[in-house]
Amino acid sequence: MQPNTQKEPSLINEAQTTGIDSMLQYAMDSRVSSVKDAIDLTLQAQAKCEALKYAKGLAKCSAQLGLFYMIMGDHETALEHSQLALKSFTEQGDKQGIAEALYTIGSTEYKSTKYHQGLEHLYECLRIQKEIEDIRGQSKSLKAIGYIYEAFNELDKALETYERCRELSHLNNDKNGESNACNPLSGLYLKRGDYKNALESINTSISLKKETGDKRGLAFAWYGKGKIHLHLKEYNDAREFFSRGLKIHREVGDKMGCGMSLNKLGQICFETNDFEQAKKYFNEAIEVGETIDNQQIIYKAYFQLFNIAMTEGEESQALAYHIKYHDYKERMINSETKSKIKSLESMWKMESLESEARIQRENNVVVKKKNEELDKFSSRVSHDLRGPISSLMGLYEVVKSEVNDPEALKYFELYHHRITRINQTIIDLLELSKVKDWQLSKTVINFDEMVADCIESFSYLPGFDKINFEIDLDKDLKIQSDRSLMNTIIQNLIENSIKYSRQNIGDPFVKIQIKQTAEDYMCVIVEDNGIGIDEKYHSKVFEMFYRANDEVQGSGLGMFILKSAVEKLEGEVSLVSEPNKGTKFVILLPIIENMKKEYLGI
């Protein structure tokens, strides 16, 4: 039988507790070089605390183990230790300890993309840190809160939070805290195109990390500098910095950092057409993301794999990747989480955020009212103009039959061209108004008939008779959806391909493919070998009144209407296009109701 070596709390002497506390501090310092070593040291300290019944020490051990497992990406274990620490610190009335446990819980939750829970715990942590005047802790919490704002594209709030974090750390001479704030600050400046401040921030971070010896933090700083070079298309430099970061992340065991770096290295390979290596990086990133349950790492990797498959012409594989991308992204961001974040901002009565939220709500009411007035005005004006425009178009037909002077007819032809363009703009505005206010209804769609009708309706367009239409419809696709919106989507895609076809080539074509890609999804693909669109204009294609080519007739509303109809059906649209090679549009739509043959009576 082993002798009982445990002592009552009253028998613990100061030398013993000091030794354990020193051991725990050494473990905390060790995390920047090796998280595994830090865990081993903390477990040794935990065994000593259990032997001595040192309750405060045990709580500290649980808190540190929670932090270290969070860094390792083992979020379930991290939460177990952190919640145990929170319970112990609460029983002891240790506010500093409570704040530390809440910080780790909140950070673990947001890294698991449970943003609303994470933000709640981080705000509670920040409240306690303000109460006990823990400046260093406030800086740390603000940085984590800034990450959540940035994840939801609240960039102004994120920037304000990071800057406050950097300011607090600088005032407190917390070099690690300041450098930690510089990393995300650099990323935000980069998003705004402010390369000077982006570079200044990340170089400051690198310098401070080298000074403090924070190996893990340096890896994130290398990552930040790699992003700047990637944005500037300086691929060799970018690869060097991401590789440095990945090497350190692997050494210290930071899986989150590994996943982020792998995605960026994959992006570089994609940009430089090394598709096979890119696939390896993205698949490894997905494995890491699944290990740590990080939806953001996973969906970003799937989106890039989708892009590669589209570029390689692997349509089935591309659609499979796109569905996974959509599913993982949807898990991460949803309206419930966003609304929870908004409510939490006011819950903790952060005065500046409350004021800003109130002003924003008031502005939203004004904007909504103005938009409604504008819609009514646009609809009214469009309807009122239809009559006079129709009369002017009819007048042209009279002129053609009555006037014989070639010079006069030339000017009337010019007049007719302008009136036709105005008429088309009015028709498109009315169509857009209809799409925005449309109430969805379910109808069994006959795609054979719909596609044929859409093609026939554009037979008047120049060059129509030269185009070879290749139609590939899933014969078993029997679904219910909104017929009007579906028609709008297909019609705009076909019209766009006809208008932008190249008449100077021998075999202009328009390929139309409609099929079911999964139990709840269908896909519409329209591809042509027309004039194509330069990559720098891809992001503008779906903007209102944007026209890729001034020589082609149109209002510039077709693709905007298309995107509005797709969004109304809660779908997604993407395109692949190159000048003088052609364009491919891919529409992914959820099926309103999948119709089984037996229910259709066939």
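Biologist: Where is Glu-133 found?
Modeller: Glu-133 sits in the loop between helix 6 (115–131) and helix 7. Helices (H or I, at least four residues) and strands (E, at least two) are DSSP runs, numbered from the N terminus. This is a predicted model in which local features need pLDDT of at least 70 and side-chain atom pairs count only at pLDDT 80 or more, while totals for chains, interfaces and linings use all residues. Residues are numbered from 1 along each chain as its sequence is written, and side-chain values use heavy atoms, with hydrogens and water left out.

Biologist: What is the phi of Glu-133?
Modeller: Glu-133 is not a glycine, yet its phi is positive, at about 60 degrees.

Biologist: Is Glu-133 buried or exposed?
Modeller: The classes rest on relative accessible area: buried is under 20%, exposed is over 50%, and partly exposed lies in between (1.4 Å probe, protein chains only). Glu-133 has 65% relative accessibility and therefore counts as exposed.

Biologist: Which loop holds Lys-53?
Modeller: Lys-53 is placed in the loop between helix 2 (35–52) and helix 3 (55–72). Lys-53 is a residue other than glycine with a positive phi, near 55 degrees. Its relative accessible area is 36%, which means that Lys-53 is partly exposed.

Biologist: How is a pair of packed helices described?
Modeller: The description consists of the angle between the two axes and the distance between them. Axes are lines fitted to C-alpha atoms, for helices over the stretch in contact, and angles run from 0 to 180 degrees between N-to-C directions. For helix 7 (residues 135–151) and helix 8 (residues 155–171), the packing angle is about 160 degrees and the axes are 8 Å apart.

Biologist: What does that angle make of helix 7 and helix 8?
Modeller: Angles under 35 degrees count as roughly parallel, over 145 as roughly antiparallel, 65 to 115 as roughly perpendicular, and the rest as oblique. Helix 7 and helix 8 are therefore roughly antiparallel. As for handedness, a crossing is left-handed if the near helix is turned anticlockwise from the far one by less than a right angle, and right-handed if clockwise. Helix 7 and helix 8 have a left-handed crossing.

Biologist: Which residues of helix 7 and helix 8 meet?
Modeller: Contact means heavy atoms within 4.5 Å. On the side of helix 7, the residues include Leu-142, Tyr-147 and Glu-150; on the side of helix 8, Thr-161, Cys-165 and Leu-168 are among them. By class, nine residues of this contact are nonpolar, five polar and four charged. Here Ala, Val, Leu, Ile, Met, Phe, Trp, Tyr, Cys and Pro count as nonpolar, Asp, Glu, Lys and Arg as charged, and the others, Gly among them, as polar.

Biologist: At what angle do helix 1 and helix 3 pack?
Modeller: Helix 1 (residues 14–30) packs with helix 3 at about 10 degrees, and the axes are 11 Å apart. That angle makes helix 1 roughly parallel to helix 3. Asp-21, Leu-24, Ala-27 and Met-28 of helix 1 make the contact with residues of helix 3 that include Lys-60, Cys-61 and Phe-68. Six of the contact residues are nonpolar, two polar and two charged.

Biologist: How do helix 20 and helix 21 cross?
Modeller: Helix 20 (residues 447–456) and helix 21 (residues 483–499) cross at roughly 45 degrees, and their axes come within 9 Å. The two are therefore oblique to each other, and their crossing is right-handed. Among the contact residues are Phe-447 and Met-450 of helix 20 and Met-486 and Ile-490 of helix 21. The contact of helix 20 with helix 21 has eight nonpolar, two polar and two charged residues.

Biologist: What does Leu-562 touch, beyond residues up to four places away in sequence?
Modeller: Its contacts are Ile-489, Asn-492, Leu-493, Phe-542 and Ile-587. Leu-562 lies in helix 22 (residues 558–568) and is buried, at 0% relative accessibility. Between Leu-562 and Thr-488 there are 6.8 Å in space, C-alpha to C-alpha, and 74 residues in sequence.

Biologist: Is His-249 buried or exposed?
Modeller: His-249 is buried, at a relative accessible area of 1%. This residue of helix 12 (residues 235–252) has contacts that include Arg-216, Phe-220 and Asp-254, leaving aside neighbours within four places in sequence.

Biologist: How many helices and strands does the protein chain have?
Modeller: The chain has 23 helices and eight strands, and 48% of its 602 residues count as buried.
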